[in-house]
Amino acid sequence: MFIVGLTGGLATGKSTVLSIFRDNGIAVIDADEVARKVLEPGTSAWKEVKSYFGVNVLYPDGKINRLKLGEVIFDDIEKRRKLNAITHPRIQRAMMMMALKYFFSAHKYIVMEVPLLFETGKMLNYMHKIITVICEDHQQIERLCKRNDFSEKVAIKRINTQMPLEQKVANSHFVINNSGDIENTKIQTLSIIKVLSRSKFTWYFRAIFGIAVLSIMFGMTHLACNLFYNKTSII
């Protein structure tokens, strides 16, 4: 199994694209859903957030008020680092555990949405292919304002905290332009699904893994090492 990383900018349409993959039978991992579970009341991450940031970032029912927490950390780099230190390792571990379960379920590949894939760099080495979702600048601002009830000034400031989309595009294997309607986005996504489904990567590594195991069983360790370390270009 290989992992496809799905990323983009704030409000560019990552969740829309992820839903298209899911609707077409592809196993997906949603970082936002994982983050919510990691910060559920009573978890170790929740306790640390409550202890460090106080009850002001909680709703009356104890759940994390993510918008309020975002406001607290936005202009304070130390608090932002603290929150990242609390949440990111736990989110990454949870996502990799989910990926492992999919691996043992014999999926050919999975799509993992990681909004800060390039910014953190922590999970880049796990990605066989990377998809970046983009849209027009004005659309991104409008969508973020509508979604989070931000002013235009605040939306632009939030967008500018992330790596420019141009840089993400330059380091991606596929780009989906979500500036049009949903049908256009769907056509682009289905086209990528066809390419990924034709990939020989999975079968290649299943084959060398099987041969390597047999080689080790029969004492042919030299052959096993050559198979694993030989660099081969595969889609």
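Helix H2 (residues 31-38) lies across strands S2 and S3 (109-113), and the helix runs at about 50° to S2. Lying across implies contact, meaning heavy atoms within 4.5 Å. The angle is taken between lines fitted to C-alpha atoms, for helices over the stretch in contact, and runs from 0 to 180 degrees between N-to-C directions. Helices (H or I, at least four residues) and strands (E, at least two) are DSSP runs, numbered from the N terminus.

A word on what you're looking at: this is a predicted model, where local features need pLDDT of at least 70 and side-chain atom pairs count only at pLDDT 80 or more, while totals for chains, interfaces and linings use all residues. Residues are numbered from 1 along each chain as its sequence is written, and side-chain values use heavy atoms, with hydrogens and water left out.

Now for the sheet. It is open, with five strands in the order S2-S3-S1-S4-S5 and parallel pairing; two strands pair if DSSP finds at least two bridges between them. Strands S2 (27-30) and S5 (174-177) each have a single partner strand, so one side of each is left without a neighbour in the sheet. From one strand to the next, the twist averages 25°.

S2 pairs with S3 in the parallel sense over four bridges, and aspartate 30 has glutamate 113 in S3 as its bridge partner. Ala27 and Ile29 point one way from S2, Val28 and Asp30 point the other way, and all are buried. Buried here means under 20% relative accessible area, exposed means over 50%, and partly exposed is in between (1.4 Å probe, protein chains only).

Further along the sheet, S1 (residues 2-8) and S4 (residues 127-134) pair in the parallel sense over six bridges. Threonine 7 stands opposite threonine 132 in S4, and threonine 132 also stands opposite valine 175 in S5. S4 and S5 are parallel too, over four bridges.

On to the loops and their backbone angles. Most residues other than glycine have a negative phi. Alanine 11, in the loop between S1 and helix H1 (14-23), has a positive phi near 60°. Alanine 11 counts as buried because its relative accessibility is 11%. Aspartate 149 also has a positive phi, of about 60°, although it is not a glycine. Aspartate 149 sits in the loop between helices H7 (137-148) and H8 (152-159), and at 70% relative accessibility it counts as exposed.

In H8 itself you'll find valine 154, which is partly exposed, with a relative accessible area of 31%. Its C-alpha atom is separated by 9.5 Å from that of isoleucine 141, 13 residues apart along the chain.

Last stop, the surface. Met97, Leu100, Phe103 and Phe104 form a nonpolar patch with about 450 Å² of accessible area together. Such patches are made of residues with over 30% relative accessible area and no salt bridge; like charges are joined within 9 Å, and nonpolar side chains (Val, Leu, Ile, Met, Phe, Trp, Tyr) within 5 Å. A salt bridge is a side-chain nitrogen of Lys or Arg within 4 Å of a carboxyl oxygen of Asp or Glu. The areas come from the Shrake-Rupley method with a 1.4 Å probe; for residues, only the protein chains shown count as cover. Leucine 100 lies in helix H5 (residues 77-104), and at 41% relative accessibility it counts as partly exposed.
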